[in-house]
Amino acid sequence: MAKGMQKLFSLLAGLAPWLIVAGLAYAAAFIKPETELRPLPQPLLEARDVFFDVVATPDDILVYVGRNGTFLTRNADREWQRGQFAEEHNLQAIAQHTNGTIAAVGNQGAFYVYDGELSLSALAEPNNWQFQALPVSEFAGKLLGITASADGFWVVGEMGTIFHLQQSAKGQPFNVQAKELEQDVNLSDVAVAANGSIWIAGEFGTLLSSTDNGANWQSQELTDVTLQSIAIDAEHMLVVGNSGYMAASYDQGASWEQLDSPTDAHLYSAALSEQGWLVAGANGTLLWRNDNNGWQALEGNNSTFNFVSNSAQTTRQTFVFTGSHLTSLDFSRTPLQFEAVTPTAKAGAL
């Protein structure tokens, strides 16, 4: 009896590895584990992010554009989403037409158009934007500025690049007209005055203007440094540039007055509003003035800003700025200072 049991145990011990292998094979063949795949949430900000421009819609949706085709959207409830275009071109500038169309431009002639519903989720979906490459040269492919006009958009860039993009109706394709310019200077920014005249700021202090929709251009040299930004309202024009340069016109551009500047930092953004004049630039420079005082340097609550760049104004008396950090300036608060903007995900956001 004992010998029989011993033989049985020996037989089972020999079969055990094969029984385990058979069991595993059966499980692999017939048992299908159920898994629920959940995509990892993409961070709203990454260490490499830099945003070069921002636009604010009439209902305070913000669209920031920046490096490698990255863009951020935020609604009035401060819900954020992050998008990424497949082409991964650096996006340098963005603007909105009065009909609601939003357009962004960037490197290698990149041109993106959004004609859909102005909602956070729709704007954050890259497939809702139409992409086309504007006909730029191999050596001058960076588009640096865009502004809306009555019939579409004006776009400027490297080596004297000027495009007039006309649209017969919202949602229709754009007719692209390249404007010839005798000067091979980099063009930084473009603005359209209420009377329809076009103004372009550029390299070597160059200021271009046209009163006949780009058929002819008049050129002025205000200084010897690069002009980076131009702003226009009903009564004033303000242009800023490198080495702290600032100049203003009070007669629709017929004459210009250089302004005393409290800084020699490069200035990248000029804005005119009911609250006052705002200028932003390198090293976190943010200057403000109104009719009753000179320029004041505004302090921030974060000392690590590398630079502050282009801006947009919301309906809530707030300016938002792009750059190596996102910042804002709320005119309803005292003392007046700019603050860091930290995107955070809420319900319905990433």
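Which strands each supply at least two residues of the lining of the second largest pocket? They are strand E26 (318-323), strand E27 (327-330) and strand E28 (338-340). Strands here are DSSP runs of E with at least two residues, helices are runs of H or I with at least four residues, and both are numbered from the N terminus. A lining residue has an atom within 4 Å of a grid point of the space in question.

The model is predicted, so local features need pLDDT of at least 70 and side-chain atom pairs count only at pLDDT 80 or more, while totals for chains, interfaces and linings use all residues. Residues are numbered from 1 along each chain as its sequence is written, and side-chain values use heavy atoms, with hydrogens and water left out.

Start with the whole protein. Its secondary structure comes to two helices and 28 strands. Of its 350 residues, 50% count as buried. Buried means under 20% relative accessible area, exposed means over 50%, and partly exposed is in between, with a 1.4 Å probe and protein chains only. The accessible surface is about 17,700 Å², and carbon and sulfur atoms hold 50% of that surface. Areas come from the Shrake-Rupley method with a 1.4 Å probe; for residues, only the protein chains shown count as cover. Contacts mean heavy atoms within 4.5 Å. Among contacts between residues at least 6 apart in sequence, 43% join residues at least 24 apart.

Now the open spaces. Rolling a probe the size of a water molecule over the atoms shows where empty space is left. The search uses a 1 Å grid over the protein atoms alone. A pocket is an open set of points with protein on both sides within 12 Å along at least five of seven lines. Points are joined across faces, edges and corners, and a volume is the space filled by probe spheres set on them.

The largest pocket holds about 1,600 Å³. Its lining counts 49 residues, and Asp53, Ile94, Ile146, Asp189 and Ser311 lie nearest the centre. Seven strands are the elements that give two or more residues to this lining: E1 (51-56), E5 (91-96), E9 (143-149), E13 (187-192), E17, E21 (267-272) and E25 (308-313). E9 gives the most, with six residues. By class, the lining divides into 25 nonpolar, 18 polar and six charged residues. Nonpolar covers Ala, Val, Leu, Ile, Met, Phe, Trp, Tyr, Cys and Pro; charged covers Asp, Glu, Lys and Arg; the others, Gly among them, are polar.

Return to the second largest pocket. Its volume is about 430 Å³. Of its 20 lining residues, Arg74, Arg78, Thr318, Ser328 and Val341 are the closest to its centre. E27 gives the most to this lining, with three residues. The classes here are seven nonpolar, six polar and seven charged.

Arg78 sits between strand E3 (70-74) and strand E4 (80-84). Its phi is near 65 degrees, a positive value in a residue other than glycine. Arg78 is partly exposed, at 45% relative accessible area. Pro335 lies in the loop between E27 and E28. The peptide bond from Thr334 to Pro335 is cis, with omega near 0 degrees.

A cavity is a set of points where a 1.4 Å probe fits but cannot get out. The whole structure has one of 30 Å³ or more. Its lining is Glu46, Arg48, Asp49, Arg67, Asn68, Thr70, Arg82 and Gln84. That makes no nonpolar, three polar and five charged residues.

Strands of a sheet pair through backbone hydrogen bonds, either parallel or antiparallel. Here an open sheet of four strands runs E17-E18-E19-E20, with antiparallel pairing. E17 (227-232) and E20 (257-258) stand at the edges with a single partner strand each, so one side of each has no neighbour in the sheet. Pairing requires at least two DSSP bridges between two strands. E17 and E18 (residues 237-241) pair over five bridges. Ser229 has Val240 of E18 as its bridge partner.

Two asparagines in loops complete the tour. Asn107 lies between strand E6 (102-106) and strand E7 (110-114). Asn107 counts as buried because its relative accessibility is 17%. Beyond neighbours within four places in sequence, Asn107 contacts His89, Asn90, Gln92, Gly141 and Lys142. Asn213 lies between strand E15 (206-210) and strand E16 (218-221). Asn213 is partly exposed, at 35%, and its phi is near 60 degrees, a positive value in a residue other than glycine.
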